[in-house]
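Please look over the sequence and the structure before reading on.

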Amino acid sequence: MKNNRLMKNLGKATVAAALLATGVSPVLAATENKTEVKSNKTAAESSSKKTSSPESSKASSSSEASKSSSSAASSSSKKAAKKSAKKTTKKAAKATKKSTKKAAKDTKKAAKTTKKLTKKAAKNTKKAAKTTKKSTKKAAKDTKKAAKTTKKSTKKAAKNTKKAAKTTKKSTKKAAKDTKKAAKTTKKSTKKAAKNTKKAAKTTKKSTKKAAKDTKKAAKTTKKSTKKASAKSTSASSTSSAK
């Protein structure tokens, strides 16, 4: 609000200074315009009444007196306006100088603050860039290390898988061979066992037949011996009786 009033006063002072430079004050200009209109009106009236009566001369004289009075008033107004304008101009110049000084001071202060902020921002940006670079470098290093470890692990896993596959193939081949051999041995053993069983059965049959024959023969011999013993006993008994 203070600045608006100052600018308004400055504007007025500038206009006043311009008018003074041309030798005309605002008050004088207004007074002269008013006087000129009045004079023109009086002149017209004088012209219309000039031939009508002797009073026109009187009116004319009155008009001249009025004009003279107006000129005096104009001169006085001009002097007062000039003095007022000079005072206003001086005051406005002083206020302008003060405002300019303050504005320069504020501008300098703002520039200093801006410079300080810019410097701080640049420092922070540099620090952030440095941190980012460091982080990026570390991340790249970690990624490279991880990739190397993964490659090594993959290579080892592939080697182990190949080795395991080879071992499995070998074991499977051996197991198949052993199974085939075992099947062959089992077949041979079964065949031999069957042959032995058949032979044993034949031997058992032969032995059983021989044992039956021997038993029969023994029974026959026993029967014959019993019969002979019985006859011998009967003969002894008869001899005893005869005595």
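A salt bridge is taken here as a side-chain nitrogen of Lys or Arg within 4 Å of a carboxyl oxygen of Asp or Glu. In this predicted model, Asp 142 and Lys 138 meet that description, with their closest N and O atoms 3.8 Å apart. By this rule the count comes to two salt bridges, and both pairs are set out below.

Lys 102 and Asp 106 lie four residues apart in helix α3, so about one helical turn separates them. For Asp 142 and Lys 138, the spacing in helix α3 is likewise four residues, or about one helical turn.

Helix α3 covers residues 55-242 and also holds Lys 90, which counts as exposed because its relative accessibility is 66%, where exposed means over 50%. Lys 90 belongs to a surface patch of positive charge, in which it gathers with Lys 78, Lys 82, Lys 86, Lys 94 and Lys 98.

As for the chain as a whole, its secondary structure consists of three helices and zero strands, in the order α-α-α from the N terminus. Of its 243 residues, 6% count as buried, while the accessible surface comes to about 22,800 Å², with 61% of that area belonging to carbon and sulfur atoms. Among contacts between residues at least 6 apart in sequence, 82% join residues at least 24 apart.

Note on methods. Residues are numbered from 1 along each chain as its sequence is written. This is a predicted model: local features need pLDDT of at least 70, side-chain atom pairs count only at pLDDT 80 or more; totals for chains, interfaces and linings use all residues. Side-chain values use heavy atoms; hydrogens and water are left out. Patches are made of residues with over 30% relative accessible area and no salt bridge: like charges are joined within 9 Å, nonpolar side chains (Val, Leu, Ile, Met, Phe, Trp, Tyr) within 5 Å. Accessible areas come from the Shrake-Rupley method with a 1.4 Å probe; for residues, only the protein chains shown count as cover. Lys and Arg count as positive and Asp and Glu as negative; His and the chain ends are not counted. The place of a charge is taken as NZ of Lys, CZ of Arg, CG of Asp or CD of Glu. Helices (H or I, at least four residues) and strands (E, at least two) are DSSP runs, numbered from the N terminus. Buried means under 20% relative accessible area, exposed over 50%, partly exposed in between (1.4 Å probe, protein chains only). Contact means heavy atoms within 4.5 Å.
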